[in-house]
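Hello,

Please find the structure you asked about below. My notes on it follow.

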Amino acid sequence: MEIKTINAEISVAPQITPDEVQKLADQGFRALICNRPDGEAADQPNFSEIEAAAKKAGLEIRNLPIVSGKVSDQDAADFGAAMQELPRPILAYCRTGTRSATLWSLSQANRMSVADILAATKAAGYDMGGVVRRIANGGKTPTDRADASYDIVIVGGGAAGLAVAASLKSRKSSLDIAVIDPADIHYYQPGWTMVGGGIFEASDTAKTMGGLIPRGVTWIKSAVAAFEPKDDSVILDGCRVVKYKRLIVAPGLKLAWDRVEGLEATLGKNGVTSNYRYDLAPYTWNLVKNMKEGRAIFTQPPMPIKCAGAPQKAMYLSGDHWTRAGVLKDISIDFMNAGGVLFGVKDYVPALEGYVQKYGANLNFFHNLKAIDGEAKKAWFTVAKPDTTPTEVEVEFDMIHVVPPQIAPDFIRVSPLADAAGWVDVDQATLRHKTYDNIWSLGDVMNAPNAKTAAAARMQAPVVAQNVVDDINGRSATAQYNGYGSCPLTVERGKIVLAEFGYGGALLPSFPKLLIDGTKPSRLAWWLKESFLPPFYWKGMLKGREWMVKPEKISAS
């Protein structure tokens, strides 16, 4: 008997026998639902046999037989009604459990999100991709007609999505392109570190999405519910269907605040802040400029995260302000890093370590934030050093800058596009999907082993655009991505360590060493970050102007 749990209320299983019913009662089940018609197979017990065993064991039972492959809308409604009427937990069964899982999925369509339903059934070992449109349509059978169709559909209107849309239009203006994104506002997220350091105003990092969509590109203001790559379809909330000839996936990643116990309840108060949110970055600066003494903690979760240097950028800019204000001697700084190194590319570490010493910061590696109590000013970290048993430590704070765990968006993680870890599965050179030839991905959501930064997306956009146009023209891909990413590490007000690197940690500087030596703090690099990069982003990258990012050619074999 193989029981597969969907949630605390419902489990599903392949065909059970009368002898197994008492065992189910002993395990705590209170009701059974049979979804298999009598007589499907010669070795199958009849429902009446299971019913007699259930009554003997004190279990309630309901017979809702469904012919394989013919789950109707009424069947799903009846299953939902049975779940409401029967005592829980419930075990539903059929030949393999698939019909029961399907009925549960459809019956919950108006109670749960598509992503949550797909995640629950996937964890139980059942793929509900075949009924995803019905789930998105509230459990009802929709029509197969597409609501819209485009040459290219781009999922995501962030830096990566808008940049690749503009780059495509600059190469082939006749393309019919749609960008799908529900957001009203587009944010220049690299600027939030500067907001938290009192250098930028938050309002300068936000513009309306409508004013940034490239000319000639359609904006579909909706959220994606699911993908049907075998049918070249994207399913939107409300079960609208958008068809494509080619798909580009760039929705960014998800900040998983809920994975730290107590964090969501205390963000933005009690000294708990984060530069990873637009509305919280100003609070970071407010805390920093008003702090005269006490303990300041800066956290970094396990990789991957967007802008891997951002957690320590906040620490450096805070330390610089406290130095200038003459209060650093009265402030204890702790950097709590879930990883084992200060920065992933060793060439930049010596310069960073110099600033760690300058600000008297304590480096605590393999410390991962587990829980926080803002009112009590306490945080708990799991300490998991190599070859040791994990322990837990309690730390008090006056101010804590938290970087949340980061994962792929729910609708990506449960989709056919994802790898085992939930990220879009691409070839790291061409950024084409490994399974579906008419799908590409870029930005934070895909699984190439590069740093997740806006600079990386800036380099990836022309690569994807060129390779998509090559595909349209019947050619093999001609552009490749070298893993380039850039992290301007703001080590003090007026100086930056400009880290630029590619796959394997190879240094990929954009400027001659005499102009900017990226391994050392530079005033010119600060000028680039403060004055040059914001307009470069708004007026260059998002407009399809590929300054300093000419795609690298794939060499002929």
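Ile61 is buried, with a relative accessible area of 16% (buried means under 20% relative accessible area, exposed over 50%, and partly exposed in between, with a 1.4 Å probe and protein chains only). This is a predicted model, in which local features need pLDDT of at least 70 and side-chain atom pairs count only at pLDDT 80 or more, while totals for chains, interfaces and linings use all residues. Residues are numbered from 1 along each chain as its sequence is written, and side-chain values use heavy atoms, with hydrogens and water left out.

Ile61 belongs to strand β4, residues 60-63 (helices, H or I of at least four residues, and strands, E of at least two, are DSSP runs numbered from the N terminus). Leaving out residues up to four places away in sequence, Ile61 touches Leu32, Phe47, Ile50, Glu51 and Ala54 (contact means heavy atoms within 4.5 Å). Lys346 is 285 residues from Ile61 along the chain, and the C-alpha atoms of the two are separated by 63 Å.

**Gln312**

Gln312 is part of helix α11, residues 310-325. With 0% relative accessibility, Gln312 counts as buried. What does the side chain of Gln312 join in a polar contact? The partner is the side chain of Tyr316, at 2.6 Å (a polar contact is a pair of N or O atoms within 3.5 Å; within protein, one must be able to donate a hydrogen and the other to accept it, and residues adjacent in sequence count only if both atoms are side-chain atoms). A polar atom of the Gln312 side chain also lies 2.8 Å from the backbone oxygen of Leu342. Apart from neighbours within four places in sequence, Gln312 is in contact with Phe335, Leu342, Phe343, Leu352 and Leu489.

**Asn438**

Asn438 sits in the loop between α13 (410-413) and β24 (439-441). Its relative accessible area is 16%, so Asn438 is buried. A polar atom of the Asn438 side chain is 3.1 Å from the backbone oxygen of Lys245. Lys245 is also among the residues that Asn438 touches, together with Asp232, Tyr244, Arg246 and Leu247, not counting residues up to four places away in sequence.

**Aromatic pairs**

There are 17 aromatic pairs in the structure (rings of Phe, Tyr and Trp, the last by its six-membered ring, pair if their centres lie within 6.5 Å; planes under 30 degrees apart count as stacked, over 60 as edge-to-face and the rest as tilted). Tyr187 and Trp192 have ring centres 5.5 Å apart and planes at 65 degrees, so this pair is edge-to-face. Tyr187 is partly exposed at 29% relative accessibility, whereas Trp192 is buried at 6%.

Phe343 and Tyr348 also form an edge-to-face pair, with 6.1 Å from centre to centre and 85 degrees between the planes. Phe343 is buried, at a relative accessible area of 7%, and Tyr348 is buried as well, at 3%. Phe343 is also one of the residues in contact with Gln312.

**Trp527: a ring cluster and a surface patch**

Trp527 lies in helix α15, residues 523-539, and is partly exposed, with a relative accessible area of 44%. Ring pairs link Trp527 with Phe532, Phe536 and Trp547 in a cluster. Trp527 and Phe532 also form a nonpolar surface patch with Leu515 and Leu524, and the four together have about 360 Å² of accessible area. Patches are made of residues with over 30% relative accessible area and no salt bridge, with like charges joined within 9 Å and nonpolar side chains (Val, Leu, Ile, Met, Phe, Trp, Tyr) within 5 Å. A salt bridge is a side-chain nitrogen of Lys or Arg within 4 Å of a carboxyl oxygen of Asp or Glu. Accessible areas come from the Shrake-Rupley method with a 1.4 Å probe, and for residues only the protein chains shown count as cover.

Regards
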